Amino acid sequence: MEERQSHPVQDHLTADDRPAAKPRKRRSIISVFLRLAVAVAILAGAVVYGASMIASKPEAIKRQARERSFTVAVMTPEYGTFNTHFRAFGQVQASRTFEVRAQVVGEVVELAPNLAVGNLVAKGTQLVAIDSTDYDGKLVEAQAAEANARLSLAEAEEAYKLQELKLAAAKTSLAAAQTDLERAQVLNENGNLTDKELDTRKLTVSDRQQSVSEIESGLFTLQAQIDRQRASIISAQLSLEQARRDLENTRITAPFDGIVVSENLSLGSYVTANENVASLYDPTALDVSFTISDLQYGQLITEGLEGREVEVSWDIAAEPIKVAGEITRAAAEIDSTTGGVKLFARLTGDNASQLRPGTFVEVQIKGPSYERTLRVPETALYESDHIYTIRDGRMAKVDARIMTRDNDYLIISAEVPEGERIITTRLSQAGEGVAVSVEGEEEAAPTRGAGSNENANANAGANARLPEGAVRRDDGSVLLPNGNIRHPDGRIEQPDGTIISAEEAASQRGNRPGGGQRRGGN
């Protein structure tokens, strides 16, 4: 009997009050064997069903290992002597200008008919005329003053000549008196002449010496007067020249063939001295200023800077205006804001007059020459030291050295084997031995056999209509929008390379032949 746990409530019950114990049931050995048999049968059925499912699983198509090939663009190497061309942007400016300024004061009485902004005025054309009445009078006064100064000079010179004659006579008379005095002194010593007579001769010599001194003093005064008159003539000549210049300045003419930049005059207006009335520039003396890097500047000065050819292009129409020129000078300092060097080039082309100051233009500068080099796009160079060629359908590495840059191209030195072409397409998977094919020269798709035709006919309905966004390729396959490739035989190739058979592809589309999907039982 099972051992029962005593309960406090049951302890006070009498033997009669306790419930009678039920008899224990015995399990039959047959029942146990039946249950084991059912379990074994279920397990055996599950094993058989699993084996049948595995046996009926379609065999997976093994993925074929295929080497990936890249389509590239190529160029045939052509060795030669290449000139680099630096590109810059600059601005046209006039190197020869003329500001028309009034040099005299007066009223404007005449203006040139073509004195208008943008017009071309010929050299010597009278642009402005100022009232010259006052300046005509000043010229006459200056001429009279000069004439008076010359007359005074002539009178002084004539008086000087007379005084010179008097001086000569006085000196002769003095010499005679001195001779007579010497004889008198001899006679006086011999006693043949009195002292009084000797004194008289001495007095005569003294008077004549005084007369000579007075005449010489007069000559000095006359010489000073002559010098003053000569200075007066010079002053009168300067005044006369100023008067003539003022009179000439009442007529303002063009100093060269120029284009009018500005004018701010009208008939009857009053101008003051040094007032700007118009401005011109010479269309045959145009410069273009542009900035290049210090590296480019260093390359240019190795072969000479001045006289180097440039081409200026003004893109204003279908055909840009192109003007030839040559570099004339460089700025004195490097521009601290841009870090470059400013250069100036004189436009020498016959069509330079088509440009206008202030025009923004593109400048092509002819750089140094490099012999036996190649000119390749930047995409052809890898790691700045090698390029790739096609050799037997594969990429082959060729060492290269950059000589210089030519805008979007490079001038390189490299020895490319004869018959090989340079790859110009940039590939991230580039490397020695990578399979490539030339763009436009891909091998044609292989001809399909009879079996292939049958598969194509069998899948004609599936391929007749392409999904939206799909693209049919040259080999007959279809590139689907999701990235899969549907081959003509119905196989599907996923982006990761997995191949799905035609039957599986049809099953996934819900068109599996032979009915619906299989169902397994429990």
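Two strands pair if DSSP finds at least two bridges between them. That wording is needed at several stops below. The model on screen is a predicted one.

**Stop 1**

Select residues 340-347, which form strand S15. Strand S15 is mostly covered, with 6 of its 8 residues buried.

S14 and S15 form a hairpin with 5 residues between the strands. Select Gly339 in this hairpin, where phi is positive, near 75 degrees.

Next select residues 286-293, strand S12. Which way does S12 run relative to S15? S12 and S15 are antiparallel, and 7 bridges join them. At Ser293, look across to Gly340 of S15, which stands opposite.

**Stop 2: the sheet S4-S11-S9-S6**

Move to an open sheet of 4 strands, in the order S4-S11-S9-S6, with antiparallel pairing. Its edge strands are S4 (97-102) and S6 (120-121), each of which pairs on one side only.

Select residues 275-281 to show strand S11. Because 5 of its 7 residues are buried, S11 is largely enclosed by the rest of the structure. S11 is joined to S4 by 6 bridges, in an antiparallel arrangement. Thr97 stands opposite Tyr281 in S11, and Ala102 stands opposite Glu275 in S11.

S9 and S11 run antiparallel and are joined by 4 bridges. Pick Ser262 here; its bridge partner in S11 is Ser279.

**Stop 3: the sheet S8-S7-S5-S10**

Another open sheet of 4 strands has the order S8-S7-S5-S10, and its pairing is antiparallel. S8 (251-253) and S10 (270-271) stand at the edges with a single partner strand each, so one side of each has no neighbour in the sheet.

Select residues 126-130, strand S7, together with S8. How many bridges pair S7 with S8? There are 3 bridges, in the antiparallel sense. For a landmark, select Gln126, which stands opposite Thr253 in S8.

**Stop 4: helices H3 and H4**

Two packed helices are described by the angle between their axes and the distance between the axes. Select residues 133-190 for helix H3 and residues 195-249 for helix H4. Their axes come within 6 Å and cross at roughly 165 degrees. Angles over 145 degrees count as roughly antiparallel, and that makes H3 roughly antiparallel to H4. The crossing of H3 past H4 is left-handed. Colour the contact of H3 with H4 by residue class to see 28 nonpolar, 17 polar and 17 charged residues.

H3 has 58 residues, and the distance from its first C-alpha to its last is 86 Å, close to the 86 Å expected at 1.5 Å a residue. Step past the end of H3 to Gly191, which follows the helix and has a positive phi, near 85 degrees.

Return to H4 and select Ser206, which is found in this helix. Is Ser206 buried, partly exposed or exposed? Ser206 counts as partly exposed because its relative accessibility is 37%.

**Stop 5**

Most residues other than glycine have a negative phi. The last two selections are Arg372 and Glu383, neither of which is a glycine.

Arg372 has a positive phi of about 45 degrees. Arg372 is in strand S16, residues 360-377. At 48% relative accessibility, Arg372 counts as partly exposed.

Where is Glu383 found? Glu383 is in the loop between S16 and strand S17 (386-391). Its phi is positive too, at about 55 degrees. Glu383 has a relative accessible area of 68%. Residues over 50% count as exposed, so Glu383 is exposed.

Definitions and conventions:
Residues are numbered from 1 along each chain as its sequence is written. This is a predicted model: local features need pLDDT of at least 70, side-chain atom pairs count only at pLDDT 80 or more; totals for chains, interfaces and linings use all residues. Side-chain values use heavy atoms; hydrogens and water are left out. Axes are lines fitted to C-alpha atoms, for helices over the stretch in contact, and angles run from 0 to 180 degrees between N-to-C directions. Helices (H or I, at least four residues) and strands (E, at least two) are DSSP runs, numbered from the N terminus. Angles under 35 degrees count as roughly parallel, over 145 as roughly antiparallel, 65 to 115 as roughly perpendicular and the rest as oblique. A crossing is left-handed if the near helix is turned anticlockwise from the far one by less than a right angle, and right-handed if clockwise. Ala, Val, Leu, Ile, Met, Phe, Trp, Tyr, Cys and Pro count as nonpolar, Asp, Glu, Lys and Arg as charged, and the others, Gly among them, as polar. The expected span of a helix is 1.5 Å times one less than its number of residues. Buried means under 20% relative accessible area, exposed over 50%, partly exposed in between (1.4 Å probe, protein chains only).
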